[in-house]
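Here is a protein model to question label by label. Each answer sets a value against its cut-off.

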Amino acid sequence: MLRSMVQGLSCLRLHGTGLAQSVATKESVCASGAAARALPQPILQHVRTTFILKHERRVELVKAYKNPRSRRLKARHFLYDLVENIDVKKQEPVKVILKTSVEGLGSRGQVVEVSPHKARNQLLLPGLAVYASPENLEKYSSLIADVSQEDQPSSPFALSTSKLLSEMVIYLNMNKDNPWVLEPWHVRVSFRKAGVMVPEEALTLPPHTIAGPDLALQGKEFAVMVKINNKEEAAVRCRINHFASNPKDRLLNQGRFWELPGDPLFPEQAPLLEELNRRDKRIRSTAEDEEED
């Protein structure tokens with residue numbers, strides 16, 4: 001700020017009573033400018049902000065044969081009306097070509113529209129996409145044309161949905177007193193209680209029959225496969241929980257039972273369940289339980 005003030009003063013015409021006073025004043029201004037340049041200057045970031053203004057009163061032009069100083073602008077000529085503020089104007093989306101699949105946006109080779117801020121910070125700078133300019137459309141034409149639909153996710157959110165489901169644990173509340181056989185609609189209702197709407201035709205239960213009441217099944221874990229858009233498939237952990245209508249007959253739950261790993265109900269699903277438990281950060285290991293004891 002000091003530097004700009006000094007430079008502005010140096011550009012002014014100096015009026016004095018004598019030549020010596022003018023020269024002395026000029027030398028002081030130059031010395032102040034040199035001192036200002038010697039000071040450390042802040043790093044100024046340019047802001048792309050534009051205000052479009054127009055005069056409230058029309059400013060008449062000066063005749064060519066007249067001296068421009070003969071018609072100085074009045075105060076009324078410096079009143080303006082705001083036409084447009086680019087800083088608050090909604091930015092138009094830009095088109096980019098995805099060089100790789102991006103969660104929640106699109107698959108490799110697709111041309112998508114995103115906001116300029118997201119395009120620059122999340123796609124262009126990391127190298128995940130390029131501008132969809134005519135040159136890039138021609139350069140990446142083979143990438144756009146040769147993309148196989150079989151290798152692409154069924155929707156932009158299919159992979160994130162599959163990951164979310166694989167980290168869930170669905171508790172199947174089955175009757176403790178009356179006999180039952182586990183059916184797909186039981187699993188569908190349990191998913192609905194957990195906030196996930198899954199149709200029965202998208203559920204694949206284990207081939208073995210699960211029947212009860214059987215307290216030996218309490219807390220046992222098995223995997224149910226969920227089909228997403230008839231393409232992707234996610235394995236979801238399910239646990240049997242015997243529930244009684246009478247509060248006196250209900251089983252006591254262990255503290256923070258949702259953080260404890262469950263025993264596999266079927267041995268062939270043990271590797272899959274172990275991998276799912278490893279992904280869930282809430283599940284405590286056996287070593288952690290021994291340290292707490």
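This is a predicted model: local features need pLDDT of at least 70, side-chain atom pairs count only at pLDDT 80 or more; totals for chains, interfaces and linings use all residues.

The questions below ask what stands behind each label.

Q: How confident is the predictor in the chain, and where is pLDDT below 50?
A: pLDDT is the predictor's confidence in each residue, from 0 to 100. Its mean over the chain is 78, and 76% of the residues reach 70 or more. Over residues 1–23 it is below 50; beyond near neighbours in sequence, that stretch has 15 contacts in the model. A contact means heavy atoms within 4.5 Å. Residues 34–39 also stay under 50.

Q: What does the secondary structure of the chain come to?
A: Nine helices and eleven strands. Helices (H or I, at least four residues) and strands (E, at least two) are DSSP runs, numbered from the N terminus.

Q: Why is His77 called buried?
A: Buried means under 20% relative accessible area, exposed over 50%, and partly exposed in between (1.4 Å probe, protein chains only). His77 has 7% relative accessibility, so His77 counts as buried. His77 is found in the loop between strand 1 and strand 2. Leaving out residues up to four places away in sequence, His77 touches His55, Arg58 and Val59.

Q: Why is Tyr80 called partly exposed?
A: Tyr80 has 38% relative accessibility, so the label is partly exposed. Tyr80 is in strand 2.

Q: What makes Tyr80 part of a nonpolar patch?
A: Patches take residues with over 30% relative accessible area and no salt bridge; nonpolar side chains (Val, Leu, Ile, Met, Phe, Trp, Tyr) are joined within 5 Å, like charges within 9 Å. Tyr80 forms the patch with Phe51, Leu53, Leu73, Phe78 and Leu82. Together they have about 630 Å² of accessible area, from the Shrake-Rupley method with a 1.4 Å probe, where for residues only the protein chains shown count as cover. Strand 1 and strand 2 each supply at least two of the patch residues.

Q: How do you know that the buried residues of helix 6 lie on the same side?
A: The buried residues are Ala158, Ser162, Leu165 and Ser166. They cover an arc of only 95° around the axis, which puts them on the same side of helix 6. The arc is that of the directions from the helix axis to the C-beta atoms. The face turned away carries the exposed residues Lys163 and Leu164. Cover for the buried residues includes helix 7, strand 10, strand 11 and helix 8.

Q: Why is the pair Glu221 and Arg239 called a salt bridge?
A: A salt bridge is a side-chain nitrogen of Lys or Arg within 4 Å of a carboxyl oxygen of Asp or Glu. The closest N and O atoms of Glu221 and Arg239 are 2.9 Å apart. Glu221 lies in strand 10 and Arg239 in strand 11, so the pair ties together parts 18 residues apart in sequence. Glu221 is buried at 0%, and Arg239 counts as buried at 4%.

Q: What makes Glu274, Glu275 and Arg278 one network?
A: Arg278 forms a salt bridge with Glu274 at 3.5 Å. Glu275 and Arg278 meet in a salt bridge at 2.4 Å, N to O. Salt bridges that share partners join Glu274, Glu275 and Arg278 into one network.

Terms used: Residues are numbered from 1 along each chain as its sequence is written. Side-chain values use heavy atoms; hydrogens and water are left out.
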